[in-house]
Structures are given as C-alpha cells and as structure tokens.
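Please look over the sequence and the model below before reading on. The paragraphs that follow go from the whole chain to single residues.

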Amino acid sequence: MSSTLYLERASAVHRLNPVTKLVALLCVIVVVFAIPQWWASVAVLLVVIVPAAVISGCGGRLARIGGQILLPLLVVLVLVQGLTFPGGQTVLWEWGPLALTTEGLMFAATIGARIVVLVLSSVLLVLTTHPGDLMSALTEAGMSPKFAYIISSTLQLIPSFRARADSILLAQQARGLAVPRNPVRRLGVLMPLLGPLVLGMFTDVEERSTAMEARGFGSTAKRTTLTPVRDSAAQKVARWVMPAVALLAVVLQVGWGLL
C-alpha cells in the first residue's frame, strides 16, 4: 500500500519544480486570508485551483479527498455560524434561541471559502508532488536537509498513518475481529486498535531515525542529487513574482483597505 497520495501523471503541473508549487501554495493562502471578502477565495478557487486540478489530471481524486475532509467541516460551520452568529440583524428563520441570519451565513461563507481553498490547494500539492522530489528541490534551494525532511515527511504523514491503520485492522480481522455496521458500535470496536497504531508509529519513527543516521543524514558535507529536479528561468522569476503579488494584496488590504 502506498504511503503517499502522489499520483504519477505526465502533466505540466507535475513537471513544475516542487519549490514553485510550494511557494504558490503559500501565496494562495496569504491572499485568501489577507482579503476578507468571500469572492476572493472563490476567485482563487476558480482561476487557480480548478484549472490546475484539470490540467494535472487529478481532479477526480482531489474532489473525493476534498469532499471527505470538507463536507463535515462546512456543515458544522454553516450550522454554528448561521444559527448563533452574534450581532446578526437580518433573520431568515427563527426557532427559540436559534436564529438563522444573513450575516451569519455570509460569515460562514467567507470562512468556509477560505477553508476550501486551503484544503484543496494543499491536497493538490500532495497529489502532484513526489515527497522525494520536494526534499531534493528544497535541499538544492539551500534549505537544511533536516528541515527539508520535516516538510517532505509531513506530506506522507496521513497516508502512512492510514496505511498502518488498514494493515492493523486487516490483521485483527484475520484473527476473528468482527466490525459491525453500526457506527457507534464500530467506534467501540476500533478504539482498542489505537494502541497498536500509535506504538507502531513511534517504532516507525525510531527505525527511520536509525536508517537516516546510518546513511549520514546529519553530515555537513556537500551533497549531490541522484535525480536532479527540473527548473527553469521562468519558474525562478515566478517564485519572486508570486510573493510580491501576495505582499501587494496584504498591503492594499491592511494599509489602505482597498480590497
């Protein structure tokens, strides 16, 4: 079972330097949180994320993963903010102490749009960037290998955690564990599996640490890359232009409130 969500494709998005995609992700997050209007997040979603997902060929996988993560969050956000937003004046529906207001829904839409952009852009980065390429690119860019490994391993954390959980569950089912259909009873059955899961993750960390030390990971000697990551002059320019645009959005909003 794969320990990463990366999907092998021959798209232009996959061929981009991982540092370029990482810079783009950070700039997108800065822009949507700097501009307080909901339309800014929707514009970024439609102009940047959706075209990138289509070009990369990862749109279907992105939609499935994004839906699983975002649907519960958005439902809770709309219910909580829509019904209990303080200071709401335009009441659309009221029942006892709960009141559905336009102001609450607009606030929920703004926060929800930001969360959608944050989650989808992050997942798209994981789907289109191999962790090894990202680590190599960050190291070539001058980042410490230790910090590069932290960033790269973060992309593999959830898939690795899920793969280990699935293997433990299959092993327990082979020993006779019955998983009921009822969600409440299933939760009670699966709770004892958390112990082996957490202990297994600690063991995995120790094994990785030993393997890295054996390979001289902490050495300060100059390193060479086995598979150089492709880069171009246009991407180098883009990695300066994108932060400038993000900074401009922050200045226009915070300094003058023009956005």
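Of the contacts in the protein with a separation of 6 or more, 69% are between residues 24 or more positions apart, where contact means heavy atoms within 4.5 Å. This is a predicted model, in which local features need pLDDT of at least 70 and side-chain atom pairs count only at pLDDT 80 or more, while totals for chains, interfaces and linings use all residues. Residues are numbered from 1 along each chain as its sequence is written, and side-chain values use heavy atoms, with hydrogens and water left out.

The protein has eleven helices and two strands. Both kinds of element are DSSP runs numbered from the N terminus: helices are H or I runs of at least four residues, and strands are E runs of at least two. Read from the N terminus, the order is α-α-α-α-β-β-α-α-α-α-α-α-α. The protein has 259 residues, and 33% of them are buried. Buried stands for under 20% relative accessible area, exposed for over 50%, and partly exposed for what is in between, using a 1.4 Å probe and protein chains only.

Helix 2 (residues 18-34) packs against helix 3 (residues 38-56) at an angle of about 150°, and their axes are 9 Å apart. An axis is a line fitted to C-alpha atoms, for helices over the stretch in contact, and the angle, from 0 to 180 degrees, is taken between N-to-C directions. Angles under 35 degrees count as roughly parallel, over 145 as roughly antiparallel, 65 to 115 as roughly perpendicular, and the rest as oblique. Helix 2 and helix 3 are therefore roughly antiparallel. V28, V31 and V32 of helix 2 make this contact with S41, V44 and V48 of helix 3.

On the helix 2 side the contact is made by P18, V19 and L22, and on the helix 6 side by D133, L134, A137 and L138. Helix 6 covers residues 131-140, and its buried residues are P131, L134, M135, S136, A137 and L138. After helix 6 comes G142, whose phi is positive, near 105°.

H130 sits in the loop between helix 5 and helix 6. H130 counts as partly exposed because its relative accessible area is 36%. H130 and H14 are 116 residues apart along the chain, yet their C-alpha atoms are separated by 8.8 Å.

Which residues does R114 touch? R114 belongs to helix 5 (residues 102-128). Not counting residues up to four places away in sequence, R114 touches V32, F33, I35, P36 and S41. The side chain of R114 has a polar atom 3.1 Å from the backbone oxygen of V32 and a polar atom 3.3 Å from the backbone oxygen of I35. R114 has a relative accessible area of 12%, so R114 is buried.

V237 lies in helix 11 (residues 233-256). With a relative accessible area of 52%, V237 is exposed. The C-alpha atoms of V237 and T20 are separated by 9.8 Å, although the two residues are 217 apart along the chain. Q235 is also found in helix 11, and it counts as buried because its relative accessibility is 11%. Leaving aside neighbours within four places in sequence, Q235 is in contact with L16, N17 and T20.

Charged side chains come next. Side chains of opposite charge can pair when their charged atoms come close. How many salt bridges does a search of the whole structure find? The search finds one, a salt bridge being a side-chain nitrogen of Lys or Arg within 4 Å of a carboxyl oxygen of Asp or Glu. R239 forms a salt bridge with D231, and their closest N and O atoms are 2.8 Å apart. R239 counts as buried at 18% relative accessibility, whereas D231 counts as partly exposed at 34%.

C27 is buried, at 10% relative accessibility, and C58 is buried with a relative accessible area of 1%.

Technical notes:
A polar contact is a pair of N or O atoms within 3.5 Å; within protein, one must be able to donate a hydrogen and the other to accept it, and residues adjacent in sequence count only if both atoms are side-chain atoms.
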